[in-house]
Structures are given as structure tokens and as C-alpha cells.
Amino acid sequence: MKYNKFQDIELSALGFGCMRFPVLEDKSIDEEQVAKMFDLAIEGGVNYFDTAWPYHEGNSEIVTGKLLKKYPRDSYYLATKFPAFQYKAGEPGNPHPSEFFEKQLEKCGVDYFDFYLCHNVSEKTIPAFEDPEIGIIPYLVEQKKLGRIKHLGFSCHAQFPNMKAFLERHPGVFEFCQIQLNYLDWTLQEAKEKYELLTELGIPVWVMEGIRGGRLAALPEALSKKLRVLRPEASDAEWAIRWVQSLPNVCVQLSGMSNIAQVEENLKTMNEGDDLTQEEFDLLLEIAESLKRSVPCTKCRYCCDGCPMELDIPALIAQYNAFLTQDDFSIRQYMDSLPEDKRPSACIGCGQCTDICPQNINVPDIMERFAAALAGEKTWEQVCKEHDADLKK
Ligand code: SF4
Ligand code: SF4
């Protein structure tokens, strides 16, 4: 196992994500199977386990804590996260942060967390995290002083400018940051900008979605073939994991493993084989380009001034482009955070944007299609099909 230094400790480069455990027919966690997976991972050198309040409807924390109990407390690092999405910023009646935190210690059966994150800092949750009446961040800082949190960080799905502003408002508070990072999101979802900002600030990066929910583990055959020419034995997933490992500021790469075979494959990747060469690293970035469908918006913003609905057209098109690659949680979350009159569904189809657009982009069609997809009236496949048909016109 490769280990990365974080302050005075060594963390396994592979972290065990506890959100996709195998389940039984009644949807409860298959504890017997997870116990075997944990044993195998620990034997293979994994020492970082990442759970959270909502995983497996609240049961991941319980099972993770219970199964780790047989190992000495100082032989593994346990991470969980604060669920600010349970709060309503600016409203009375929110629970005190201690209600969740104390319960989490109890559920995991521990008296401290090695790593604790503000969960899913995003446009939707930032108001709750920063609401002085609720006081989440000061409470967590206090728990750190008391030694009940050893290291405080946050996981983030916010757009880059909002993540940057969040960090600027809380200097010196967060020691690490977990972001969605893979060779496709490097340019598709601002992962490059986020990684570079964190590196500049001296904050180590924890990675989630290194294989993008499995999408990068099963590339179209023509693309897989290009990779097999260079490494005949390597799977597509292995390429994606190695690409993330090539980034020097990445400390822990999480994998939400669901069966023994995945644990074995990840351990093999981490324990055997060579790092990617620069040529291989760049090849994956090229492959990412061919995985993308996109509308060629240059973000010139010529269309924005005249929009009667005052929509942020280039920002919505950027989300649409990400959607064309995959119907993704972050996109829907970002859309939910916008007021209804600023979403694609607010477009009235006047067409002034298209008239002025130097790229001749048919914005009203895009807004209509995107709005239908977000409302569940069109599937991702239908949207892609229509998009591809447009290109042929
Ligand atoms: S077509 Fe839609 S996006 Fe374009 S200017 Fe009119 S309202 Fe705004
Ligand atoms: S005018 Fe066209 S290219 Fe420029 S921001 Fe608007 S849609 Fe994008």
C-alpha cells in the first residue's frame, strides 16, 4: 500500500468509502460481507474509513463503527461528516449541532473522530453551515479543541467561486478538503481549479468519485483499446485511479467498494504496477475530451444583458454540458440552490440571446430540453439523442 504523509501521520492512499456497502434483499447492510471486505482491506494496508450520517439511511455509521471495533482504536482512522442539510438557515427550531455530533459518536461507538468533515459544502448548505444562530462551524472548532475531532475538513460540491469564497471566509479552519476529482471532471466540473486552489493554500486533497460513479470503469471499446495498447493488463478503472494518484497533492482517494472483488482490484492497483507516465496522464485528458458532448459556449456573456429573465446563460449552459456527460448529483443540487426564476425552466424562449450569440447557439432549445430533463420529463438518453441530432443539422 502506498501511504501519504498528512501532518504527523501516514494515511493509506486508498480510503474505504462506506456508502455503497453490499445489501441483503431487505436492503439492510450485509454485515457479514462487509466484515470480510474490511478485513481484506486492512490486511492490504487500508487505514482510512469514511462514513457519513445519511449513508445507508443512517446505518453506515453504525456498521462501520461496529466492524472496526475488533481493531485497536489507534490502528485506523475513522472519518464522518456533519449533516448541515438537516438544517434550515435563518429559521427557528434548528437542533443544536451537538445533537448530531453526540449521536454520531454513539452510533460509531467511539469517543473521538480522527477526521471530521462539514458534509457537502454547496450552494444549498453554505447558509446553514454559516448561520451564526446555528453555529455549526464554531461548535466543530470547539470539539477539535476538546480532542473529540482530531482533524477538521469539508467535502465540497460547490461551484469553484463559491468554494473559494467559503475558504476565504474561514481561513485556517479546515485542514483538508474532499472534492470530486477524476480525469473527466478535471475540466468538466472545475476540478482542476479546485485542486490548484487547495494546493496553493496548502490544503491536502481527498478525492471522491475517482472513477465517476463507475463511468470511467467502462469506457467505450474504442477508447479502452487505446489504453490497452499501452497497458494490456490494466482495467479502465485502474487507469482512472492511477491518474488521480499522479496528482501530488492528493492524499487519500476514496472508493465506495461494494464487494470483495472491488477491494481486491483496488488493492492490486495500489500495491502493484507503475505510476502513469506524463504521456499516459495526457492520454486520459484526451480521452476525457472525446467523452464530452458539449455546447461551444465561450462564456463571452454577450447574451446576458438583454435576457428579460436575467438568466446566467453561460452558467446554465456549463451545467447543461456537464449534464450531457452524465446526469449528476452535483448538477441537480446546484439547480436546486437557484431561485426558481433563475433556472432553465424560467426561459421564455424570446430568442434575443441566440440573435446576439457569436457561436449561433440555440439557447431557448437548450433551456427547454434541460428544464424537461430536470423536471424528469426527459431522460438523460433522450437529451443526448436530441443534442446529437442537433449537431447533424
Ligand atoms: S431565450 Fe431565454 S435565455 Fe434567451 S434571452 Fe430569452 S429568456 Fe433569456
Ligand atoms: S453569447 Fe453565446 S457564447 Fe456568449 S455566453 Fe452567451 S451563449 Fe455563450
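How many residues lie between E1 and E2 in the hairpin, and which residue in the turn has a positive phi?

A: The model is predicted, with local features requiring pLDDT of at least 70 and side-chain atom pairs counted only at pLDDT 80 or more, whereas totals for chains, interfaces and linings use all residues. Residues are numbered from 1 along each chain as its sequence is written, and chains are lettered from A and ligands numbered from 1 in the order in which they are written.

Two residues lie between E1 and E2 in the hairpin, and Gln7 in the turn has a positive phi of about 50 degrees. Helices (H or I, at least four residues) and strands (E, at least two) are DSSP runs, numbered from the N terminus. Strand E1 covers residues 3–6 and strand E2 residues 9–12; the two run antiparallel and are joined by four bridges, where pairing requires that DSSP find at least two bridges between the strands. Phe6 has Ile9 of E2 as its bridge partner.

Lys27 has a phi near 75 degrees and is not a glycine; it belongs to the loop between strand E3 (14–17) and helix H1 (31–43). Glu209, likewise not a glycine, has a positive phi of about 60 degrees and is found in the loop between strand E9 (205–208) and helix H9 (221–230). Burial is assigned from the other C-beta atoms, placed from the backbone, within 10 Å of a residue's own: 20 or more for buried, 12 or fewer for exposed, and partly exposed in between. Lys27 is exposed because it has 9 such atoms, whereas Glu209 is buried because it has 27.

The largest nonpolar core has 108 residues, and Ala79, Cys177, Val205, Val207 and Ala240 have the most contacts inside it. Such a core is a set of buried Ala, Val, Leu, Ile, Met, Phe, Trp, Tyr and Cys residues joined through C-beta atoms within 7 Å. Helix H13 contributes the most to this core, with eight residues. At least three residues of the core come from each of domain 1 (3–286) and domain 2 (313–392), whose bounds derive from an automatic or database domain assignment. Leaving aside neighbours within four places in sequence, Val207 is in contact (C-beta atoms, placed from the backbone, within 7 Å) with Ile179, Leu181, Val244, Val250, Gln253 and Leu254.

The centres of the two domains, taken over C-alpha atoms, are 30 Å apart. Domain 1 gives 11 residues to the contact and domain 2 gives eight.

Finally, the ligands. Ligand 1 is surrounded by 15 residues, with Cys307, Cys347, Cys350, Cys353 and Pro364 closest; a residue is near when its C-beta atom, placed from the backbone, lies within 6 Å. Helix H16 (363–374) gives the most to this shell, with three residues. By class, the shell around ligand 1 has 12 nonpolar, three polar and no charged residues. Here Ala, Val, Leu, Ile, Met, Phe, Trp, Tyr, Cys and Pro count as nonpolar, Asp, Glu, Lys and Arg as charged, and the others, Gly among them, as polar. Around ligand 2 there are 16 residues, of which Cys297, Cys300, Cys303, Pro314 and Cys357 come nearest. Helix H13 (313–325) and helix H15 (352–356) each give two or more residues to that shell. The shell around ligand 2 divides into 12 nonpolar, two polar and two charged residues.

Notes: Two residues are in contact if their C-beta atoms, placed from the backbone, lie within 7 Å.
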